[in-house]
Amino acid sequence: MTSTVRAGSGSGRRRTLAEIAEKAGVSVSTASKVLHDRSDVSAETRAKVQRLLEQHGYLAKHRPAATAAPPGGLIDFVINELDSPWAVELIRGAEDVLHDANMGLVVSATHGRTRRARQWLDSLATRSTRGAILVVPELTPVQHEELGRLGIPYALVAPIDEPAPGTPWVGATNWPGGLAATRHLIELGHRRIAIISGPERRLTSRARVDGYRSALAEAGLPFDPALVRYGDFTHGLAHQHALELLALPDRPTAIFAGSDHQALGTYRAAAELGLRIPADVSVVGFDDLPFADWVTPRLTTVRTPLADMTALAARMVLRLLAGEQPETTRVEVATELVVRESSAPPIA
């Protein structure tokens, strides 16, 4: 996560805005209003908070009023993890749109930790952020309330579950993607198909599994719970799941991985067991990250236009900043099956 510069007080550590608010006996939103020279704060409260802000190095009196800010400014982009091509694609889409709008992008990673999310909110209140794009599994009620108090418009990308009505969000057509991937394997002649999906709580994971089940039902094939595994969209846990699936007495002839990273874990498991892809087991991924066209064999996968998703989220935020409502608060971008070399008919 991006960090706040620590400077100022003799304690050697700059206090967070939440700590200053607590010391002043006011809310974080009130402290933020003083920091940004907003008018709806009493003179007595303003003076008390101002003294603490200056004492701890915020120097709020030198900041321009938020209402006087010129066109442009900063948009926060908050994501769970940064160390993957998936994250790079998401950031690229938002940056392209915001660059054209003469706005900067501040990227933060929470690493799935509540404390990091709290730090991000604290730092958000200390700078002139105009909006936020949130690629996080879920937004807690406290975080939603805090963003509302700070007056920061935001859009969610690929949330863990369908957000409350009126919340702007962008997702992908995960159910059709799961359906297309499984149909493809069935059309090749596979009858025993396993799936390694993401976390069971996530809407994206459940939708892909539902698409898989629908394709099986459509073809008159039985659903076998023993062939379903839930992971975390990374290669590590997928590798373990694939080892278990491919070691079954009646092992699957194909595995539908819920992400390209999970497909890589499956590749490794197959190699360790002396199995060839696609001769012994076909593999289909999800996302179509750049490496999918470079691995051997080239990965058949469901393309998710990740950059388009965050570009749409950025446009939603820009409309809100302009005082307009998005044309729709729910957008699902289309997925598309890309057939390459990792899927083939099973050997009889």
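1. A contact here means heavy atoms within 4.5 Å. With that in hand, a first look at the overall fold: among contacts in the chain between residues at least 6 apart in sequence, 72% join residues at least 24 apart. Please keep in mind while reading that this is a predicted model. The chain holds eleven helices and twelve strands, and 51% of its 348 residues count as buried.

2. Leaving aside residues up to four places away in sequence, valine 157 touches Leu90, Ile133, Leu134, Val135, Val136, Val170, Met309, Thr310 and Ala313.

3. Alanine 158 has a positive phi of about 50° although it is not a glycine. Most residues other than glycine have a negative phi. Is alanine 158 buried or exposed? Buried means under 20% relative accessible area, so alanine 158, at 10%, counts as buried.

4. Aspartate 287 also has a positive phi, of about 125°, although it is not a glycine. This one is found in strand 9. Because its relative accessibility is 7%, aspartate 287 counts as buried. Its bridge partner in strand 10 is arginine 303.

5. That pair leads on to the strands around it. Strand 9 and strand 10 pair in the parallel sense over four bridges. Strand 10 also pairs with strand 12 (residues 336–338), here in the antiparallel sense and over three bridges. In strand 12, valine 338 is the bridge partner of threonine 301.

6. Proline 278 sits in the loop between helix 10 (260–272) and strand 9 (282–287). A cis bond also joins threonine 296 to proline 297, with omega near -5°. Proline 297 has its place in the loop between strand 9 and strand 10 (300–303). For context, most peptide bonds are trans.

7. Now for strand 11, residues 330–333. Val331 and Val333 make up its covered face, while Arg330 and Glu332 make up the uncovered one. Strand 11 pairs with strand 5 in the parallel sense over four bridges. Within that pairing, arginine 330 of strand 11 is the bridge partner of tryptophan 169.

8. Isoleucine 196 belongs to strand 6, which covers residues 193–197. With a relative accessible area of 0%, isoleucine 196 is buried. What does isoleucine 196 touch, not counting residues up to four places away in sequence? Its contacts are Arg229, Ala238, His241, Ala242, Leu245, Ile255, Phe256, Ala257, Gly258, Gln262 and Thr266. Isoleucine 196 and leucine 237 are 41 residues apart in sequence and 9.5 Å apart in space, C-alpha to C-alpha.

9. The largest pocket has a volume of about 650 Å³. Its lining has 26 residues, of which Trp86, Arg202, Asp232, Phe233 and Thr234 lie nearest its centre. The elements that give two or more residues to this lining are helix 8 (203–218) and helix 11.

Terms used
Residues are numbered from 1 along each chain as its sequence is written. This is a predicted model: local features need pLDDT of at least 70, side-chain atom pairs count only at pLDDT 80 or more; totals for chains, interfaces and linings use all residues. Side-chain values use heavy atoms; hydrogens and water are left out. Buried means under 20% relative accessible area, exposed over 50%, partly exposed in between (1.4 Å probe, protein chains only). On a 1 Å grid over the protein atoms alone, a cavity is a set of points where a 1.4 Å probe fits but cannot get out, and a pocket is an open set with protein on both sides within 12 Å along at least five of seven lines; lining residues have an atom within 4 Å of a point. Grid points are joined across faces, edges and corners, and a volume is the space filled by probe spheres set on the points. Two strands pair if DSSP finds at least two bridges between them.
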